[in-house]
Number of protein chains: 2
Amino acid sequence: MNVAVDAMGGDHAPGVVVQGAVEAFSELGIDITLVGPQDILKNEIHAYPAAKNLRIRHCEEAVGMGEEPLKALRLKKDSSIRVAFDLVKRGQVDAVVSAGNSGATLAAGVLSLGRLEGVERPAIAGLLPGKKGPVVLIDVGANVDSRPAHLFQFGVMAHAFASSCLQVENPRIGLLSIGEENSKGNEQVRQVREMFLRSPLNFVGNVEGGDLLGGKVDIVVCDGFVGNVALKLGESLAATLIGMLTEELKSSFLGRGALLIGEQCFRRFRKKIHSEEYGGAPLLGIKGVGIVCHGGSSARAIRNAIELAAKYVTNRVLEKMTYQLSFLRTELGFR
Amino acid sequence: MNVAVDAMGGDHAPGVVVQGAVEAFSELGIDITLVGPQDILKNEIHAYPAAKNLRIRHCEEAVGMGEEPLKALRLKKDSSIRVAFDLVKRGQVDAVVSAGNSGATLAAGVLSLGRLEGVERPAIAGLLPGKKGPVVLIDVGANVDSRPAHLFQFGVMAHAFASSCLQVENPRIGLLSIGEENSKGNEQVRQVREMFLRSPLNFVGNVEGGDLLGGKVDIVVCDGFVGNVALKLGESLAATLIGMLTEELKSSFLGRGALLIGEQCFRRFRKKIHSEEYGGAPLLGIKGVGIVCHGGSSARAIRNAIELAAKYVTNRVLEKMTYQLSFLRTELGFR
């Protein structure tokens with residue numbers, strides 16, 4: 001197992017990214033190929049005795065967070081994210097992890113490796129900390145103005161991913177809408193709903209924004225516009241609420257006491273909802289394994305994303321996804 | 001000032017609704033007309049000495065929470081929500097407040113009173129507790145598959161509402177999207193953006209899910225599908241996070257101590273984020289004043305929604321909205 005890590009991607013790159021890669025190597029025994037400028041990376045890994053066994057693949061360029069993905073990839077042929085996916089293509093590594101520009105990561109994956117047969121639009125699957133286990137929210141921003149068939153394909157891919165990589169047995173799929181009744185939702189939802197109902201997938205029906213994390217479903221399918229708004233709202237709301245509570249507690253004597261003696265609990269809680277557990281979001285629909293991490297990822301999140309990438313490979317998720325897509329297409333006429 | 005209250009609308013109707021109406025009457029001096037079956041309501045108000053001055057407008061029927069709005073209104077001519085809006089039409093009351101089926105409330109408002117000139121689709125404006133004051137999220141579920149012109153009209157209406165009813169000076173309007181750059185967002189967003197940029201409104205640009213409550217904008221415009229998902233996700237996430245934190249604290253000795261001594265702070269915090277402050281969401285775009293409340297509203301929320309309805313009337317929001325819509329239409333050619 002060898003995972004290519006885009007050492008130049010992310011707000012805290014390369015320092016924190018390299019640290020996460022070193023942790024994955026020493027704690028999990030996963031071989032790592034750091035992709036980025038040799039001088040900089042050599043300097044970074046110098047601090048870790050274990051890191052002398054990390055491979056470095058030199059490249060000169062990096063795509064910035066604010067750059068327009070396709071344009072940046074065209075201009076920067078030697079950017080770390082392109083080079084990383086080219087390593088997958090040439091069979092030199094098994095997967096790519098990047099905390100850089102997620103649009104560029106997806107685009108580089110598609111350019112280098114191509115799409116799985118039967119997938120018109122690859123998607124980014126967000127892994128959220130649900131009440132009763134992980135929830136896969138797909139798509140969280142790779143696509144807008146999706147057609148119904150795209151959303152159906154998102155569901156098929158997430159199903160294969162959740163069952164074979166997250167070990168969720170017969171994952172329940174919900175379609176994000178604004179009412180549980182058939183009549184509600186927009187035109188897109190009504191059409192996708194029909195496709196899911198006709199399919200052999202474990203489709204439990206429409207779900208609302210309030211059901212996202214409640215344990216009713218394991219997979220929530222939606223257009224990337226809605227998914228991205230939901231993901232970002234969720235992240236910011238969690239942070240805002242913690243801030244408000246802390247302020248409230250700090251404002252009174254007893255509250256300050258509560259903060260003090262409950263310190264460890266508050267810390268555990270913050271950690272839980274920051275949700276570094278999976279570290280990143282898998283790109284589903286490309287012919288290879290790629291995980292995108294939050295730009296502000298900690299070393300722990302990077303380590304966990306590398307672990308997720310390794311699981312993706314060892315559990316043969318791609319083969320299962322390809323099989324399911326092909327079965328639905330050829331046997332049942334879905335396309 | 002006389003506000004008609006749909007006494008049969010909501011999960012806890014009529015008890016909690018009547019209690020809220022009594023509070024509005026005794027604390028704020030707002031005259032109330034309770035709409036619902038006379039026997040039931042007489043029995044309810046019996047408990048409150050102050051309530052002998054509340055008017056009752058008898059009717060036999062009520063629209064249930066799960067009913068299909070238009071069908072229910074057609075079949076139930078004597079339903080409390082229809083009767084309430086008919087009172088507005090006949091000039092017998094100034095506004096309607098309902099915690100019942102929000103789709104039916106909106107539809108009854110449109111049927112009885114009609115739409116404001118220049119408004120193709122009335123909308124429901126959610127009032128959220130932002131970091132630096134209230135944030136108007138429009139639309140939160142009245143419309144799906146909105147056209148760009150509809151979203152632009154949402155912005156114009158919310159602008160008039162926020163400036164004249166919430167006393168926000170020159171409210172800043174943001175367009176909900178998935179990236180701040182011009183190139184991002186879906187086709188709808190790109191078109192609405194152009195309209196806002198050409199208008200004299202205080203449009204600050206695209207905002208993301210994470211910016212919703214941060215104080216960057218006073219108004220967030222979006223399609224009802226996205227707005228409803230965001231609203232419901234926000235509500236449920238707040239509850240989920242509090243539940244998770246409480247569990248974490250209860251699981252250890254020190255945590256239980258913290259819960260105990262910080263009890264008042266936790267209670268104040270819960271109250272803050274439950275956000276009963278405005279009590280309800282105004283229907284914007286009908287020729288009259290209607291406020292829809294959450295089905296599970298407390299008496300306090302109902303009281304506050306009645307207060308909001310009264311403010312809507314006294315601040316002559318409708319006139320200002322009509323003027324702004326007409327100005328943009330006739331002077332600047334927006335339609």
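**Labels and their grounds**

Modeller: This is a predicted model. In chain A, 71% of the contacts with a separation of 6 or more are between residues 24 or more positions apart.

Biologist: What makes two residues count as a contact here?

Modeller: Their C-beta atoms, placed from the backbone, must lie within 7 Å.

Biologist: How do you know whether the radius of gyration of chain A agrees with that of a compact globule?

Modeller: The rule is 2.2 Å times the number of residues to the power 0.38. For 335 residues a compact globule would have a value near 20 Å, and chain A has 21 Å, so the two agree. The C-alpha trace of chain A spans about 60 × 60 × 35 Å along its principal axes.

Biologist: What share of chain A is buried, and what makes a residue buried?

Modeller: A residue is called buried if 20 or more other C-beta atoms lie within 10 Å of its own. In chain A, 57% of the 335 residues are buried.

Biologist: Which numbers describe the packing of helix 4 and helix 5 of chain A?

Modeller: Two packed helices are described by the angle between their axes and the distance between the axes. For helix 4 (residues 80–89) and helix 5 (residues 102–113) of chain A, the angle is about 35° and the axes are 9 Å apart. Helix 4 of chain A contributes A:I81, A:R82, A:F85, A:D86, A:V88 and A:K89 to the contact, and helix 5 of chain A contributes A:A104, A:T105, A:A108, A:G109, A:S112 and A:L113. By class, six of these residues are nonpolar, three polar and three charged.

Biologist: Is the crossing of helix 4 and helix 5 of chain A left-handed or right-handed?

Modeller: The crossing of helix 4 with helix 5 of chain A is right-handed, a term that applies if the near helix is turned clockwise from the far one by less than a right angle.

Biologist: Where are the domains of chain A?

Modeller: Domain 1 covers 2–119 + 285–320, and domain 2 covers 128–272. Their C-alpha centres lie 26 Å apart. The contact takes ten residues from domain 1 of chain A and seven residues from domain 2 of chain A.

Biologist: Which helix gives the largest share of the side of chain A that touches chain B?

Modeller: The contact takes 49 residues from each of chain A and chain B. On the side of chain A, helix 8 gives the largest share, 19 residues. By class, that side has 23 nonpolar, 16 polar and ten charged residues.

Terms used: Residues are numbered from 1 along each chain as its sequence is written. Chains are lettered from A and ligands numbered from 1 in the order in which they are written. This is a predicted model: local features need pLDDT of at least 70, side-chain atom pairs count only at pLDDT 80 or more; totals for chains, interfaces and linings use all residues. A residue is buried if 20 or more other C-beta atoms lie within 10 Å of its own, exposed if 12 or fewer, and partly exposed in between; C-beta atoms are placed from the backbone. Axes are lines fitted to C-alpha atoms, for helices over the stretch in contact, and angles run from 0 to 180 degrees between N-to-C directions. Helices (H or I, at least four residues) and strands (E, at least two) are DSSP runs, numbered from the N terminus. Ala, Val, Leu, Ile, Met, Phe, Trp, Tyr, Cys and Pro count as nonpolar, Asp, Glu, Lys and Arg as charged, and the others, Gly among them, as polar. Domain bounds come from an automatic or database domain assignment.
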